[in-house]
Amino acid sequence: MRGKWVLWLGGCLLWGMAALSPLAVRAAIPSASYIQAAVRDYAAVISGSGVLEQQGKKQVFLSTPVIAQNILVSPGDEVKEGEPLALIDTELTRSVLSHSVVLQRPASEETGALLELQKLEQAAALYGVSMEELLPLLETDTALSESSGSRETVVAIPTEILAPMDGVVTDVAIESGVLTQASGAVFTVADRARFGVRMAVGESQIASIALGDTAEITGLAFDGAYHGVVESIAPAAKRTGETAQATVEVQIRVLDPDERLRENYSTSVTITSQTSERMLTLPYEAIRQDADNIEYVFVYENGRAKKQPVTTGKELANCVQIISGLNGSECVLTGEGLQEGKRIRLGEEGML
């Protein structure tokens with residue numbers, strides 16, 4: 001009877017060992033986490049810096065030099081079209097211009113040069129202008145008088161300077177009591193409701209940008225973000241100094257401007273392409289590289305790790321495009337200690 005019990009216990013022990021042996025073998029095989037390549041719709045995103053500009057602005061130029069009696073506006077003032085910006089001292093201006101044409105060169109060049117210089121200095125001192133400001137007047141008025149055959153020149157002098165449009169004054173380049181040349185703009189008036197951003201995009205990224213692409217605009221001088229749209233792309237590229245690549249100027253129209261915006265503010269711009277591309281992607285940590293710089297991944301196949309070469313493409317924020325080598329159904333192994341042909345069992349699925 002005792003022998004039967006021994007045989008029975010021995011049989012139970014052998015049966016238990018046989019039943020547990022697969023579990024023991026499985027437990028001895030290391031596990032590895034895995035992920036599967038994800039299909040994503042990718043829209044190109046280009047980031048860069050830009051400069052804020054007021055669009056729809058008009059500048060006021062002089063047709064003749066003038067001396068302003070009173071400047072009526074300052075930068076930042078709102079004006080209406082036709083509103084006076086400055087009043088001109090017509091009498092003083094006419095007097096300066098008339099005195100400039102009576103200066104004549106004597107017959108003798110030797111004695112005449114000194115006399116002419118003295119007259120120029122006297123005229124400049126009398127009207128509070130420098131020699132540099134007076135000489136262009138002499139050249140202009142002498143040419144006019146000679147063409148008319150008379151030393152008497154009639155010059156149309158405006159009594160006031162008027163705003164060319166409704167808007168805000170952004171620049172004033174004229175002072176009262178000082179002779180202002182007819183060379184550059186004396187006033188600039190801009191439409192406050194029209195702002196744009198000018199940015200330079202590298203030649204390697206410009207192909208990803210198209211008219212109508214959306215943009216997000218931020219800056220140090222204001223909180224939050226403004227929305228914009230790509231309005232124009234320059235037809236030619238520019239190269240500055242010894243830069244590695246040329247740049248193309250891109251103009252972005254601000255869709256929601258307000259009173260916080262100022263011309264020449266620095267901005268950060270993020271442009272998102274309207275078109276998207278469907279692609280297979282993997283996290284960067286799943287991509288490996290051998291001694292020959294060939295990229296590969298480990299995939300799970302028949303209970304073993306298999307080395308699978310891949311070709312990568314675009315580098316995104318937290319993943320990379322897989323151009324070839326995978327079809328998306330593979331279990332891509334992650335973690336350390338993986339080798340070609342090593343027995344492996346699948347652990348937990350990771351998150352992309």
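What percentage of the 352 residues in the protein is buried? Buried residues make up 33% of them, where buried means under 20% relative accessible area, exposed over 50%, and partly exposed in between (1.4 Å probe, protein chains only).

This is a predicted model, in which local features need pLDDT of at least 70 and side-chain atom pairs count only at pLDDT 80 or more, while totals for chains, interfaces and linings use all residues. Residues are numbered from 1 along each chain as its sequence is written, and side-chain values use heavy atoms, with hydrogens and water left out.

Figure 1. Helices (H or I, at least four residues) and strands (E, at least two) are DSSP runs, numbered from the N terminus. The accessible surface comes to about 20900 Å², and carbon and sulfur atoms hold 53% of it; such areas come from the Shrake-Rupley method with a 1.4 Å probe, and for residues only the protein chains shown count as cover. Of the contacts with a separation of 6 or more, 73% are between residues 24 or more positions apart. Contact means heavy atoms within 4.5 Å.

**Figure 2. The open sheet with the strand order β7-β6-β4-β9.** Its four strands pair in the antiparallel sense. The edges are held by β7 (160–162) and β9 (179–180), each with a single partner strand, so one side of each has no neighbour in the sheet. Two strands pair if DSSP finds at least two bridges between them. Strand β6 (residues 84–88) is joined to β7 by three bridges, and L87 stands opposite E160 in β7. Strands of a sheet pair through backbone hydrogen bonds, either parallel or antiparallel.

**Figure 3. The open sheet with the strand order β3-β10-β8-β5.** This sheet has four strands, and the pairing is antiparallel. Here β3 (58–60) and β5 (78–79) stand at the edges; each has a single partner strand, so one side of each is left without a neighbour in the sheet. Four bridges join β8 to strand β10 (residues 187–190), with V168 opposite A190 in β10.

**Figure 4. V172 in strand β8 (residues 167–172).** V172 counts as partly exposed because its relative accessibility is 23%. Leaving aside residues up to four places away in sequence, V172 touches I71, V73, S74, P75, V186 and F187. V172 and T188 are 16 residues apart in sequence, and their C-alpha atoms are 6.8 Å apart in space.

**Figure 5. Strand β15 (residues 266–283) and strands that pair with it.** Strand β2 (residues 38–54) is joined to β15 by 13 bridges and runs antiparallel to it; the bridge partner of D41 in β15 is R278. Five bridges join strand β12 (residues 214–219) to β15, also antiparallel, and A215 has I271 as its bridge partner in β15. Strand β20 (residues 319–324) pairs with β15 in the antiparallel sense over four bridges, and T281 stands opposite Q321 in β20.

**Figure 6. N264 and N302, two residues with positive phi.** Most residues other than glycine have a negative phi. N264 has a phi near 80° and lies in the loop between β14 (247–254) and β15. Because its relative accessibility is 59%, N264 counts as exposed. Phi of N302 is near 55°, and N302 sits in the loop between β17 (295–301) and β18 (304–309). With 74% relative accessibility, N302 counts as exposed.
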